[in-house]
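This briefing covers a core, a strand with its partners, and a pair of helices. Look at the sequence and the structure before reading on.

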Amino acid sequence: MNPRRLTPSMSLLLAFEASARHLSFTRAATELALTQSAVSRQVQALEDLLEVALFRREKRRILLTEAGMRYQKELEAALQRIRSASLQAISHRTGRGAFHLAALPTFTAKWLMPRLNRFYARHPGILVHLHSRVTRFDLDLAGIDAVIAVGDGDWPGLTSYRLMDEHVMPVISPALAASHPIRKPADLAQHSLLQVAARPAVWQRWFEAHGLPVRTMRWGAQFELTTHLIQAVASGIGIGLLPTFLVEDELRQGVLAPALDEAFSTGAGYFFLAPPDKLATPPVAAFRDWLLEESGLPQAAAATPPATCPA
């Protein structure tokens, strides 16, 4: 196949991407500082080159075909990688730049955001673009440079740095604790046990560690976000098993109370992860060094599993 057909010019790709995003040649033309007819001609040239219809023209509007929708999705990720690569090249020269970080939303709100101003004070030329993620994903397709996630640190293809160990504690609303007091671990079996959907085994491990039969657990609702789980516990819906550092404010303010005043180590941890090539860029390397300093956790040698896969 002709290589030119598989590598359209950037002008054709940008015309298509803007048109697909706006579903309008006119708005795309305004964004690209071109005429509407010029954008339309470039999109037509791309369709001719690919021999595929990317848009359906219906009177005064355009709609993406199925092939067009797939092409837009792939192209959007590719353009983001190109922009990211350009920023990285610039950052090598200037020591400045930006990168995209995906992190757990509750960790971001409770731990990262209150500290982030210290990073900006030290590195005023670096921008951290934050994205929320609660499950594994493909970094390349999402245009993400680094991740903060919870687990065992084994993310193939990514270098991992442990930020903190995870210790969880059963927490309850003061009102529920007053009406249904908990005096020993077995008493938790009388309550609805709320959980984060992505980590259903944490309660089971807690019961097993306390020598309690798992069959006695009363499963309550699941939540995608830890923030929502915290709010559900505070409203008295049930008991949550939550990382202690994420509920410090609520415990201090009396919004939540310990159901049992003891922490349990899950064996998991919070990690900063990035591909080795991203760690070689000044912005990501600077953020990693700052994170490790903030965490205060002694660091073993960073682990870089050999394979590549989503994280």
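A residue counts as buried when its relative accessible area is under 20%. By that cut-off, 11 of the 14 residues of strand E6 are buried, and E6 is mostly covered. The model is predicted.

**Strand E6 and its partners**
- E6 runs antiparallel to E11, and 8 bridges join them.
- In this pairing, methionine 164 has tyrosine 270 of E11 as its bridge partner.
- E6 also pairs with strand E9 (residues 239-243) in the antiparallel sense, over 4 bridges.
- Here leucine 242 in E9 stands opposite methionine 169.
- Strand E10 (residues 257-258) is antiparallel to E6 and is joined to E6 by 2 bridges.
- Isoleucine 172 has alanine 257 in E10 as its bridge partner.

**The largest nonpolar core**
- The largest nonpolar core has 30 residues, and those that touch the most other members are Leu101, Phe107, Leu112, Ile148, Phe272, Phe287 and Leu291.
- Among the elements that give two or more residues to this core are strand E6 (159-172), strand E11 (264-274) and helix H13 (282-295).
- H13 supplies the largest share of this core, 6 residues.
- Beyond its neighbours within four places in sequence, leucine 112 is in contact with residues including Leu130, Trp290 and Leu291.

**Helices H3 and H4**
- The axes of helix H3 (residues 25-32) and helix H4 (residues 36-50) come within 8 Å and cross at roughly 105 degrees.
- H3 and H4 are therefore roughly perpendicular to each other.
- H3 makes the contact through Phe25, Thr26, Ala28 and Ala29, and H4 through Gln36, Val39, Ser40 and Val43.
- By class, this contact of H3 with H4 has 5 nonpolar, 3 polar and no charged residues.

Definitions and conventions. Residues numbered from 1 in each chain as written. Predicted model: local features only at pLDDT ≥ 70, side-chain atom pairs only at ≥ 80, totals over all residues. Heavy atoms only, no water. Core = buried A, V, L, I, M, F, W, Y, C linked by side-chain atoms within 4.5 Å. Buried < 20%, exposed > 50% of the residue type's maximum accessible area, 1.4 Å probe, protein only. Contact = heavy atoms within 4.5 Å. Axes fitted to C-alpha atoms, helices over the stretch in contact; angles between N-to-C directions. Parallel < 35°, antiparallel > 145°, perpendicular 65-115°, else oblique. Nonpolar A, V, L, I, M, F, W, Y, C, P; charged D, E, K, R; others polar. Pairing = 2+ DSSP bridges.
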